[in-house]
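Hi,

Here is the structure I promised to pass on.

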Amino acid sequence: MLIRRPPEPPAREITDEQLFWNRRRFLGALGQGVGTLALAAATPGIAACATDEKLVQGDDKLTPWEDVTGYNNFYEFGTGKGDPKANAGSLRTRPWTVAVEGEVAKPATYAIDDLVRPFPAVERIYRHRCVEGWSMVVPWMGFPLGDLVRRLEPTSKAKFVEFTTLHDPVQMPGQRSGVLDWPYVEALRLDEAMHPLTLVVTGVYGRPLPNQNGAPLRIVIPWKYGFKGGKSIVRIRFTERQPATTWNVAAPDEYGFYANVNPEVDHPRWSQARERRVGELFRRKTLPFNGYAAEVASLYAGMDLRVHY
Amino acid sequence: MPPAVKPAVFAAAIAPFGWLLYAAFFGDLGTDPVETIAQVTGTSALVCLAATLSITPLRRLTGWNWLIRLRRMVGLFAFFYALLHALDFFVFDHSLSVASILEDVIEHPWVLFGFTALLLLVPLAVTSTNGWVRRLGGRRWQRLHRLIYLIAPLATAHYFLAVKRDVTWPTVFALIFGVLLMARLAYRVPSRAPGRRPLPSAEAES
């Protein structure tokens with residue numbers, strides 16, 4: 001496994017006490033009564049979060065819960081940063097099914113709980129860099145996408161994995177506008193999807209993922225710009241050819257298929273050299289591959305990252 | 001002019017700044033305060049610019065010649081908000097590094113348009129006093145202040161390029177400025193006909 005474990009910072013520097021107790025309370029609630037059995041099923045792996053796995057660097061402080069869940073780009077609920085939190089209440093995340101299609105041994109439609117229950121949840125603290133030039137540090141809960149992919153048994157033809165977001169303008173009022181071509185589609189090369197840093201995320205801050213963050217199921221690829229991580233996924237398709245992805249189709253010169261965080265390659269309209277960490281006023285330098293170069297740079301050996309931006 | 005008008009317009013124009021001060025003091029500027037300041041000051045500058053440009057057409061429509069006495073104040077508010085907008089950008093995005101600012105101006109049309117619009121506003125703000133109107137003479141003053149016809153499209157282009165995808169609001173401002181500039185063409189054409197009655201004006205007017 002490529003994940004290095006830097007020295008563990010004291011817990012008090014990572015999780016503020018309020019959230020710590022909220023999490024305890026939530027875990028406590030899980031243990032109470034028959035009714036919570038359903039809840040436990042609805043929040044796969046949350047109970048297993050005692051086995052935390054962390055990946056943080058020295059001066060990375062967690063972005064507060066209020067910002068992580070109140071400042072979102074999720075155009076399905078509106079283009080304003082506060083729109084997802086305000087509008088995502090209309091999304092129903094149970095029952096939820098995920099169709100697995102394409103170059104895969106057994107194409108099937110899975111109830112979400114059947115899909116994620118086999119995998120113990122881990123907590124991963126990742127930097128999250130938006131293509132707009134801001135960033136956060138988020139304690140995601142989830143499991144490596146690679147574990148799921150292996151279980152789904154893609155065929156030898158499978159070279160890419162495509163993730164499709166729910167398309168339902170009733171539940172997702174932002175889809176009534178034509179600001180993007182719906183449904184939202186994102187994709188990864190299979191080796192990117194198999195990389196141990198790539199996560200299927202079902203929770204954040206030790207709680208089930210709020211709707212505005214992409215409940216019930218999203219992908220997080222910490223070395224890529226945030227838009228690569230599809231949210232509220234209803235379809236996973238394995239393909240031989242590179243899929244067409246939403247932002248790349250919308251503005252091919254601005255958003256590439258790879259979208260690896262790269263301070264050397266500017267967005268055509270603005271610089272990507274620096275970013276504003278939420279909670280700070282001044283900008284800081286953006287790191288190649290968002291600081292995960294040691295883990296992932298080898299995936300792109302020999303590629304011209306200016307061409308494959 | 002009805003006595004309450006000028007104080008009311010002043011209060012409306014300074015309200016966004018008052019809100020920013022209040023919100024900054026109480027830590028209420030949101031998750032990205034720098035972005036909040038940019039949006040509030042940028043939008044306010046555009047609104048004041050549109051208000052400035054609407055004085056003459058409104059005057060023509062209504063015959064309320066006292067409207068002209070609001071124009072300098074509203075125009076100066078446009079400059080005030082544009083300056084705050086730029087300072088927010090210079091200080092927090094560029095840490096006041098001249099090299100970094102100039103690089104951004106050269107490399108990104110979004111910054112270039114906004115920067116140019118601000119630079120063009122400077123001579124208009126400076127020459128907004130009665131003394132400067134007299135020194136330049138009405139005609140030259142008026143010609144200089146036609147720079148606003150360039151500033152409005154530059155500011156709008158700046159707004160279009162600054163948003164990622166949702167161009168609803170830039171489009172709204174483009175339409176408003178479009179109407180305000182077209183209005184001038186509309187009343188300029190018949191003015192060539194004989195017997196045109198010029199508007200009485202104490203000050204130069206564009």
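A charge sits over a ring when NZ of Lys or CZ of Arg is within 6 Å of the ring centre and within 35 degrees of the ring normal. By that rule, Arg127(A) lies over the face of Tyr292(A), 4.5 Å from the ring centre. Lys231(A) has its charged end over the ring of Phe74(A), at 4.8 Å from the centre.

Some housekeeping on the model. This is a predicted model, where local features need pLDDT of at least 70 and side-chain atom pairs count only at pLDDT 80 or more, while totals for chains, interfaces and linings use all residues. Residues are numbered from 1 along each chain as its sequence is written, chains are lettered from A and ligands numbered from 1 in the order in which they are written, and side-chain values use heavy atoms, with hydrogens and water left out.

Chain A first. It has 10 helices and 12 strands, taken as DSSP runs numbered from the N terminus (helices H or I, at least four residues; strands E, at least two). Of its 309 residues, 56% count as buried, meaning under 20% relative accessible area with a 1.4 Å probe and protein chains only (exposed is over 50%, partly exposed in between). Taking contact as heavy atoms within 4.5 Å, 71% of the chain A contacts between residues at least 6 apart in sequence join residues at least 24 apart.

Now the aromatics. Rings of Phe, Tyr and Trp (its six-membered ring) pair if their centres lie within 6.5 Å; planes under 30 degrees apart are stacked, over 60 edge-to-face, and the rest tilted. The count comes to 27 aromatic pairs over all chains. One of them joins Phe257(A) and Tyr258(A) edge-to-face, at 5.3 Å centre to centre and 90° between the planes. Tyr258(A) also pairs with Tyr300(A): the centres are 5.9 Å apart and the planes at 90°, so this pair is edge-to-face. Tyr258(A) lies in the loop between α9 (246–250) and β11 (274–277) and Tyr300(A) in the segment after α10 (293–296) of chain A, so the pair ties together parts 42 residues apart in sequence. Phe257(A) counts as buried at 5% relative accessibility, Tyr258(A) at 9% and Tyr300(A) at 3%.

What about the cores? A nonpolar core is a set of buried Ala, Val, Leu, Ile, Met, Phe, Trp, Tyr and Cys residues joined through side-chain atoms within 4.5 Å. The largest has 114 residues, and those touching the most other members are Trp140(A), Leu145(A), Leu148(A), Trp223(A), Phe238(A) and Leu49(B). The element giving the most to this core is α3(B), with 10 residues. Apart from it lies another core of six residues, including Trp66(B) and Leu70(B).

Finally, two helices of chain B. The expected span of a helix is 1.5 Å times one less than its number of residues. For the 21 residues of α1(B) (5–25) that gives 30 Å, and the end C-alpha atoms are 30 Å apart, which agrees. In α1(B), Val5(B), Ala13(B), Leu20(B) and Ala23(B) are buried, and the buried residues pack against α2 (33–62) and α3 (68–93) of chain B.

Best wishes
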